[in-house]
Amino acid sequence: MRVRFSLLFILFISAQAWAQTSLQQQLAAAANRLQADSQCRYGTVSLTVLDAKTGEQVYALNPNVGMAPGSTLKTVTTITAFNLLGKDFKYQTPFGYTGTITDGTLNGDLIIEGSGDPTLGSWRWENTTERYILNQMVTALKKAGIRKINGRVIGDDSLYGSQNIPDGWIWQDLGTYYGAGATALCWHENQFDINLKTGAVGSAIKVAGTTPATPYLTFKSELITGAAGSGDNAYPYLPAGLTNVMYLRGTYAIDQTKKLISAAYPDPAYDAAYRLLDTLRRLGITVTGTSESSLSLTAKGLQTPALATTLTTLISPSLSQIVYWTNRKSLNLYAEELLKAIAFKAGKLASTQNGVETVRAFWKARGIDPNAMDMADGCGLSPQNHITTLTVATIMQSAQKEAWFADFYESLPVYNDMHMKSGSIHNVQAYTGYQTHAGRQLCFSIMVNNYNGTGKNIREKMFKVLDELK
């Protein structure tokens, strides 16, 4: 009996070893085919596959080469946020006033004090929508007996300082919805829509208004109607200096059905104050002053007054809920706000650089060389980001044993029938995720940098490599 048991055990171990060797050989063949493909002739392929339970390396090709990760960097930021902030973390945005209330009249300013909540005014949850948040503030005013305001409505955006866009982001991205800055006071995910009126191919495109209306902005369109099938190549550019003029440049295909582009608010805090002021006036509540923000006050040589009395505090969804949308829809704003929250939680000024330093220090304490994660932001939009696939896969593997892992796993989209986060910037395509192979749980990171040809074709070829994990 003992001999028989020993024989079975040896056969079992041998079968496991054969299966692992077979997988390694299949991955090596697939990865080498991709590296040899004409689309990668001047590019680099990196792939790391680890056992998700033990961390054992299953296969690696160029695992220690620093690569631009695109939005797969969001997995590093969100896993770090789970570790340092906790899955139940929530942002708190105080709303209140300065001055005093006499016979229903506030002699002072209303203030929305930003604390970095990217969900304020978002349409993704019922209790974060613009209507819901505005109603909360109006209800708080009424409960306090305020019927008139002798003062201004101010969006206080001062907590994070004056720089809301990370160094290293390219100019062309900054006016787009995905290039919106990470401000202390966010509103409607810091984006709005510009409606377009196209004409014949080659003709000028006119701006047909915005949603919502932004009468405080002026638009200069240099857009041209593109040929059918040429797609959306329209870019909005943020106002330069202290002007309120946004330029639109590029082409927009005649067969595009949306007839709009989504742009970044130049000053989200101002828009939040503007919407509240407009709501109060429509409800018959007199406000003698104007809507302002920290930015607009600074431009006038004025300081943002400190909130003296809190009427209500606006609470965000939990971190788990925020991470869900961060990864599912690859929301750059959410990732950047989480990076700053990580810095703030560490007792530092909430800046991108301080967030990066905190993230690198956290993983250094867990055995990862900081030089293997050269981060310029938290979302992956900057082409200056460089990180190894071994680092990403190792961080992904570390999450598997945590109590919050189910929430993180659920946040990953499904591509190619695999739970994985994608990432793409110019000539960069990447994926990181989890897959079960022959009952064995694996995690992986694959990146291709400086490929040529279409993104569609390189994605299909990368999927063929990842198919070996199924």
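## A parallel pair of strands

In this predicted model, strand E5 (residues 105–107) runs parallel to strand E7 (residues 148–149), and two bridges connect them. Leucine 106 is placed opposite isoleucine 149, a residue of E7.

## The open sheet

Strands E5 and E7 belong to an open sheet of four strands, whose order is E4-E5-E7-E15. The pairing within this sheet is mixed. Strand E4 (100–102) and strand E15 (286–287) are at the edges, and each has a single partner strand, so one side of each has no neighbour in the sheet.

Strands of a sheet pair through backbone hydrogen bonds, in either a parallel or an antiparallel sense.

## An antiparallel hairpin

Strand E1 (residues 44–51) and strand E2 (residues 57–61) run antiparallel and are joined by four bridges. Valine 49 has tyrosine 59 in E2 as its bridge partner.

E1 and E2 form a hairpin with five residues between the strands. In this hairpin, glycine 55 adopts a positive phi near 85°.

## Histidine 188 and its surroundings

Histidine 188 lies in a loop, with strand E8 (153–156) and strand E9 (191–197) on either side of that loop. From there, the side chain of histidine 188 reaches the backbone oxygen of glutamine 191 at 2.9 Å.

Leaving aside residues up to four places away in sequence, histidine 188 touches Leu120, Gly121, Ser122 and Trp123, as well as Glu130 and Tyr265.

Methods
Residues are numbered from 1 along each chain as its sequence is written. This is a predicted model: local features need pLDDT of at least 70, side-chain atom pairs count only at pLDDT 80 or more; totals for chains, interfaces and linings use all residues. Side-chain values use heavy atoms; hydrogens and water are left out. Two strands pair if DSSP finds at least two bridges between them. A polar contact is a pair of N or O atoms within 3.5 Å; within protein, one must be able to donate a hydrogen and the other to accept it, and residues adjacent in sequence count only if both atoms are side-chain atoms. Contact means heavy atoms within 4.5 Å.
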